[in-house]
Amino acid sequence: MTVYDMHCHMGFADQSDPTCSLHVADPRLGGFLCATVTPREFKDLRERHPEHPMARFALGLHPQWVTKGICDESSLQLFCELVGDAAFVSEVGLDYREMYVEGKEGQLACFHGVLSAVQNGERVLSIHTSEAEREVLDIMEEYGTFRNNRCIFHWFSGSCDQLHRAIKLGAYFSGGLKMTKSKRGREYLKVIPKDRLLLETDYPRGEDAQFSASAQADMLCEIVEAMEHIRGEHLREYVAGTSAELLGR
């Protein structure tokens, strides 16, 4: 089985760990999309691993980091400076959960800036949206983001109507173990078109975390097997083919 991780955070991995995917390959792992939380992290990772054969580094401006005050106007300016040379953008969006909603205005300013910056190019975007799905979809439609880019919703948890709206707009959806284990996630996995379904680990969690290439591949294999069980059909070739095409592999 060949599996692809369409949303991971290898920048959080312990860079001294020789088993991590940035240093060693697992034969099952076909490639991965490495989301970043700040433009600086993207720049640093790409400079450290300029010719990584499996990684696609994605330029990020995470809404949670905006609320935390780590990302600000200067971060958006750096994002706009780097985006011309970035084929992948992740992780961007809005997060209106109670612990982050106080930064709503800053998040909105950054998200508008991000979508304005990607209007003219064909990129792959991975979108973070928590309790802000309607607003994210409205803003993306306003900017024509779906027309010019390939848009992936990372762990989509909006309403059923919002899910169908995103499907009609042409969105892709990456799901992980949490999605396969929640009631809503399982129901959504049954209706997402199989050629728009992707895998994600969203790992590692936390800075300097241990996360080996074999652990990454094990998790991805577990996810696709759970998805196949939920849908009652063979999915792995569809999922792998879509992922490989999005990653340019």
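The model is predicted, so local features need pLDDT of at least 70 and side-chain atom pairs count only at pLDDT 80 or more, while totals for chains, interfaces and linings use all residues. Residues are numbered from 1 along each chain as its sequence is written, and side-chain values use heavy atoms, with hydrogens and water left out. Helices (H or I, at least four residues) and strands (E, at least two) are DSSP runs, numbered from the N terminus. Strands of a sheet pair through backbone hydrogen bonds, either parallel or antiparallel.

**The three-stranded sheet**

- Three strands in the order S1-S2-S3 make up an open sheet with parallel pairing, where two strands count as paired if DSSP finds at least two bridges between them.
- Strand S1 (3-8) and strand S3 (55-57) are the edge strands, each of which pairs on one side only, and the twist from one strand to the next averages 10 degrees.
- Strand S2 (residues 29-34) is joined to S3 by three bridges in the parallel sense, and Leu-33 has Arg-56 in S3 as its bridge partner.
- Helix H10 (residues 213-231) packs on this sheet and touches S1 and S2, its direction making about 100 degrees with that of S1; contact means heavy atoms within 4.5 Å, and angles run from 0 to 180 degrees between N-to-C directions of axes fitted to C-alpha atoms, for helices over the stretch in contact.
- Helix H11 (residues 236-247) also packs on the sheet, touching S1, S2 and S3, with its direction at about 60 degrees to that of S1.

**The five-stranded sheet**

- Five strands form an open sheet in the order S4-S5-S6-S7-S8, and their pairing is parallel.
- The edges are S4 and strand S8 (197-199), each pairing on one side only, and neighbouring strands are turned against each other by 30 degrees on average, direction ignored.
- Strand S7 (residues 172-175) pairs with S8 in the parallel sense over three bridges, with Ser-174 standing opposite Leu-198 in S8.
- Helix H4 packs on this sheet and touches S4 and S5, its direction making about 150 degrees with that of S4.

**Strand S5 and its neighbours**

- Strand S5 (residues 124-130) is largely enclosed by the rest of the structure, because seven of its seven residues are buried, meaning under 20% relative accessible area with a 1.4 Å probe and protein chains only.
- Strand S4 (residues 88-95) pairs with S5 in the parallel sense over six bridges, and Asp-95 stands opposite Ser-130 in S5.
- S5 also pairs in the parallel sense with strand S6 (residues 150-154), over four bridges, and here Ser-126 stands opposite Ile-152 in S6.

Conventions:
Buried means under 20% relative accessible area, exposed over 50%, partly exposed in between (1.4 Å probe, protein chains only).
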